[in-house]
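I opened the notebook to record what I looked up in this model, element by element. The structure itself comes before the entries.

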Amino acid sequence: MAMTIIEKILARASGAATVAPGDLAVVDVDLTVMIDLSFSGSSWREVLKVHDPDKVAVVFDHEVPAANRESAATHARGREFVRRFGIKRFHDVGPDQGISHVVVAENAYCLPGTVMACSDSHTCSAGALNCVARGLGAPDLLYALTTGQTWFLVGETVRYDLTGRFGEAVSAKDLFLHIAQNYGDHANQNVEFGGPALPHLSIDARRTLTTMGAELSAEFATFEPDDVLIDYVKARNPAPFEPQYPDPDAAYLRRETIALDRLEPMVALPDKVIRNAVPVGDAAGEAIHQAFIGSCANGTLDDLAEAARIVAGRKVAPGVRLIVTPGSQRIFAAALRAGYVQTLIDAGAVVTPATCGACFGGHMGVLGPGETCITASTRNFRGRMGDPTARIYMASPATVAASAVAGRIAHPGRL
Amino acid sequence: MPSGRVWKFGDDLNTDLMLPGPLLRASEEVQARAVFSANRPGWVDLVRPGDIIVGGRNFGTGSSRPAARSLRNLGLGALLAESINGLFFRNAVSFGFLAITCPAVATAFEEGQTAEISLDDWTVRNRESGAVLQARPVPKSLLSLMTGGGVYPVLEARGLIAPAQPSGASRSGHP
C-alpha cells in the first residue's frame, strides 16, 4: 500500500508493513529530549529507570540562565538526573546552550526517517530533518523515557508542493501565515512539504515552517528529503540513516501548490493565527512598544541576517524596544562573526543570550499591561508574552525589524 | 454514562487561556483557579462537578502544558469538541480527562443544556432537544487511560517512576 512520509516512518517504527489513517501506532522512540521544564514543579516525578540513556538528550532552554529561584531549582534537578543516568548529550548554560529544537537540528541528533519525542509543543520542528517528531505532555514523555515507546494516532496528510522562490523581504514565516489564513487549522492531520522550491529553501527556512506546524495544530510536519538535507545531516552526525520519501501514489487528504514568488509579507492580528492574518499593509500604522525576534521558529541565523539587513544604518524608533534572542549560542557566535550582532546593537536592539525567553513570557522581554508587541516567534495568544491585556501581532523577522524602526507596524519593503 | 450541564466555548481555544504561562510552576490548585481567567473571568466559580465543556474546532491548540489536568482538577466531567488538538488530546489521555471529538456538537447545544454521553455506542444526546450525535470512538487502550487516572499510575505500578510526593501533586476537585 502506498504511503506518505509520515506513514512510512510510523510503519517502520511500529514494526508494521504499513499504517493508514485511523490506526493507533505504538512505536519505538529513537530520541527523547528533555528540557528544563521537564524537571519542574508538578510535572516532574522521580524517574527510577531510563530505557536507554543513549537515546536521551537534555537541553535546558526555557529559562537559561536561570531566571529566578524556581528555575534554578529546576536546573539543579535536571543536572542531578543527567549525572545519575549518565546522559551524554546534555546542553547546560554555556557555549552549547540553546532552544532544544534548534540544538537538536544543529547537532542532527534526530536522523532522517526516525522518531523523536520531547515535552515541548514545537518538537515538530525536527520534521525539517525528515523526522516524525512531536510534542508530548509530561506523563507521555516519562512513558517514552522509561519504556522507549509511545503511541501515535495516524492522521490523514495534507501535501504542500512549493514552487518558485521568495521575493525580497518575504520568508518562511509569511508562507506559514499564508497557510494558516487560507487553509485554516490542520488538527489531527499531518503536513508534508515538498516541490521544486526545495533547493532554494535553507534548513533554517524549513525549520521555521515545520516548527510553526504546531500552530496549525498538525500532528506532524515534515519535509521531503533532498541533497541539501542529506549534506546538512552528514556534516553534523556520522551515524547512518535512511531518509524516507513518499510513494508517488501516496494518498493525501488534499494536495496544494503554493507559488513562493506570489506571497507577500503577512501579519497575524492578536490572539490567534488561524484565519486571523492579513497582508502587512492592512495592519500598518499600528503603534508598538516592543518588537521581538527569537524562538525556535525565528531565532535562526537566516532570521538574524534578515533583521540586520533591515535595520542596517537605521535606528530603532524612540520608545520602542527591539529584543533579539538567537535560537542557540552557536547561532549567536555565528551572528557575531558575520557582523549581524554589531549591526543590530548599533541600531538600538538588545541581543540576549539564547533561550525561549520572551516567546513564552518567561523572562527577558515580558509584556506589561496594555502594551502592543509585534513578534517573530511562535505564538500570539492572549497573555502569552506577559500581561493578558497586552496585544501581540505576529510576523516575519523582516517585518518585525521594519516595524521596530518605524515605531509602528510597517512593510519591510517600504521603509 | 457521563452526563452534565454544558458550558459553550468557541473555536481555537488555546492552552495558554487554560493555563497561563506565569503559573506553569504554581500548584495544581492555583492552576485550576486560573482556567479561562483572561477570556472568561469568574467562570471557574460557576463550574459544578460533572459539567461538560462543548467546544468548536481545534480545541486546545497550543503548548504541551498540562491544561487538560486543570480541566480535570476543576471537576469537569468531559470535553466535547468538533475537533481537538492532538497534543491536548494526548494530555487528556495521560492525565485522565475524558475528551471526545464529536462533529456538529457546537451547533447542537445551547449553554446550560444537558449532554449525555454513551461510551458504549459513542453517541452524544442533548437531553433537552433530543438530538443525538455520533462521536468519534476513542481507541480502547487510550480510553482505559482516560478513565483510569492516566499514565502516572501505570508507570508507578511498573516501578518506573516513584509515587507522587504528597505536596507536589494533590488533586483537589478531582471527582
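The entries below go from conventions to a sheet, some helices and an interface.

**Conventions.** I am working with a predicted model, in which local features need pLDDT of at least 70 and side-chain atom pairs count only at pLDDT 80 or more, while totals for chains, interfaces and linings use all residues. Residues are numbered from 1 along each chain as its sequence is written, and chains are lettered from A and ligands numbered from 1 in the order in which they are written.

**Sheet.** I looked up the strand order in chain A and noted an open sheet of five strands, β4-β3-β2-β5-β6, with parallel pairing. The edge strands are β4 (89–91) and β6 (132–135) of chain A, each pairing on one side only, and the twist averages 15° from one strand to the next. Strands here are DSSP runs of E with at least two residues, helices are runs of H or I with at least four, and both are numbered from the N terminus; two strands pair if DSSP finds at least two bridges between them. I then followed β5 (residues 115–118) of chain A, which four bridges join to the parallel β6(A), where A:Val132 is the bridge partner of A:Val115.

**Helix over the sheet.** Helix α4 (residues 138–147) of chain A lies across β2 (31–35), β3 (56–59) and β5 of chain A, and runs at about 130° to β2(A). Such angles run from 0 to 180 degrees between N-to-C directions, with axes fitted to C-alpha atoms, for helices over the stretch in contact; contact requires C-beta atoms, placed from the backbone, within 7 Å.

**Helix pair.** I checked α10 (residues 301–311) and α11 (residues 329–338) of chain A, which pack at about 35° with their axes 10 Å apart. A:Leu301, A:Leu304 and A:Ala305 in α10(A) meet A:Ile331, A:Ala334, A:Ala335 and A:Ala338 in α11(A). By class, this contact has seven nonpolar, no polar and no charged residues, where Ala, Val, Leu, Ile, Met, Phe, Trp, Tyr, Cys and Pro count as nonpolar, Asp, Glu, Lys and Arg as charged, and the others, Gly among them, as polar.

**Interface.** How many residues of chain B are in contact with chain A? I noted 41 residues of chain B in contact with 40 residues of chain A. The elements giving two or more residues to this side of chain B are α1 (15–18), α4 (86–95) and α7 (152–157) of chain B, and α4(B) gives the largest share, six residues. By class, the side of chain B that touches chain A has 18 nonpolar, 17 polar and six charged residues.

Conventions: Two residues are in contact if their C-beta atoms, placed from the backbone, lie within 7 Å.
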